[in-house]
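Please look through the sequence and the structure below, and then follow the questions and answers, which work through how the parts are arranged.

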Amino acid sequence: MKLSQHHRFMWDFTKLLINSFKRPVFAYLLTLAFSSFLICSTLFYWIEVDKNPAIGSWFDCLYFSVTIMTGVGTGDIHPHTQLGRIMAMAMMLLGTAIYVSFTATLA
């Protein structure tokens, strides 16, 4: 069976996308992203745990870090200290840089 031009394009695109996932830079960025989530969550926990009533556990900080660094930012948890706000701004910039790099790698 011969594929239509559209289906051929989609097939070629899928193969290219899968090959992008196999590149070492993709593994590096994935490691960087997950490491950043863990490190930022731990730092944010140390900064905010006794000062922020929304922080009940380290998992709350992980949730906050993921939402901030991916650009979702639901707003249900927010920093209460100046150092926490600085940390949140750094996480926003770091998250943007990481996900722009993901996009560039896949493109």
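**Helices and loops in a predicted model**

Q: Leaving aside neighbours within four places in sequence, which residues is Thr70 in contact with?
A: This model is predicted, and Thr70 has its place in the loop between H3 and H4. When its neighbours within four places in sequence are set aside, the residues in contact with Thr70 are Phe37 and Tyr99.

Q: Is Thr70 buried, partly exposed or exposed?
A: Buried residues have under 20% relative accessible area and exposed ones over 50%, with partly exposed in between. Because the relative accessibility of Thr70 is 37%, Thr70 counts as partly exposed.

Q: What distance separates the C-alpha atoms of Thr70 and Phe34?
A: Along the chain, Thr70 and Phe34 are 36 residues apart.

Q: At what angle do helix H2 and helix H3 pack?
A: Helix H2 covers residues 24–48 and helix H3 covers residues 58–69. The axes of H2 and H3 are 8 Å apart, and the two helices pack at an angle of about 125°.

Q: Which word describes H2 relative to H3, oblique or roughly antiparallel?
A: An angle has to be over 145 degrees to count as roughly antiparallel, and 65 to 115 degrees counts as roughly perpendicular. H2 and H3 pack at an angle of about 125°, which makes H2, relative to H3, oblique.

Q: How many charged residues are in the contact of H2 with H3?
A: On the H2 side the residues include Phe37, Leu38 and Phe44, and on the H3 side they include Trp58, Leu62 and Met69. By class, this contact has 11 nonpolar and four polar residues, while the number of charged residues is given as no charged.

Q: Where is Ser57 found, and is Ser57 buried or partly exposed?
A: Ser57 is found in the loop between H2 and H3. With a relative accessible area of 31%, Ser57 is not under the 20% cut-off for buried residues, so Ser57 is partly exposed.

Q: How far apart in space are Ser57 and Tyr45, C-alpha to C-alpha?
A: In sequence, Ser57 and Tyr45 are 12 residues apart. C-alpha to C-alpha, their separation in space is 7.8 Å.

Q: What handedness does the crossing of H3 and H4 have, left-handed or right-handed?
A: The axes of H3 and H4 come within 8 Å and cross at roughly 55°, and the two helices are therefore oblique to each other. As H3 passes H4, the crossing is right-handed.

Q: Which residues of H3 make the contact with H4?
A: From H4, the contact involves Ala88, Met91, Met92, Leu94, Gly95, Thr96, Ile98 and Tyr99. The residues of the contact divide into nine nonpolar, three polar and no charged. From H3, the residues that make the contact are Phe64, Ser65, Ile68 and Met69.

Q: Which helices do the buried residues of H3 pack against?
A: The buried residues in H3 are Cys61, Leu62, Phe64, Ser65, Thr67, Ile68 and Met69. These buried residues of H3 pack against H2 and H4.

Q: How far apart are the end C-alpha atoms of helix H4?
A: Helix H4 runs over residues 82–106 and has 25 residues, and at 1.5 Å a residue these should span 36 Å. The value from the model agrees with this, because the end C-alpha atoms of H4 are apart by 36 Å.

Q: Which helices do the buried residues of H4 pack against?
A: Among the buried residues in H4 are Gly84, Met87, Ala88 and Phe102. The buried residues of H4 pack against helix H1 (5–21), H2 and H3.

Q: Is Pro79 buried or exposed?
A: Pro79 is found in the loop between H3 and H4, and, not counting residues up to four places away in sequence, Pro79 touches Phe44, Glu48, Asn52, Phe64, Gly84, Arg85 and Ala88. At 11% relative accessibility, which is under the 20% cut-off, Pro79 counts as buried.

Definitions and conventions:
Residues numbered from 1 in each chain as written. Predicted model: local features only at pLDDT ≥ 70, side-chain atom pairs only at ≥ 80, totals over all residues. Heavy atoms only, no water. Axes fitted to C-alpha atoms, helices over the stretch in contact; angles between N-to-C directions. Helix = DSSP H or I, 4+ residues; strand = E, 2+ residues; numbered from the N terminus. Parallel < 35°, antiparallel > 145°, perpendicular 65-115°, else oblique. Contact = heavy atoms within 4.5 Å. Nonpolar A, V, L, I, M, F, W, Y, C, P; charged D, E, K, R; others polar. Expected span 1.5 Å × (residues − 1). Buried < 20%, exposed > 50% of the residue type's maximum accessible area, 1.4 Å probe, protein only. Left-handed = near helix turned anticlockwise from the far one by under 90°.
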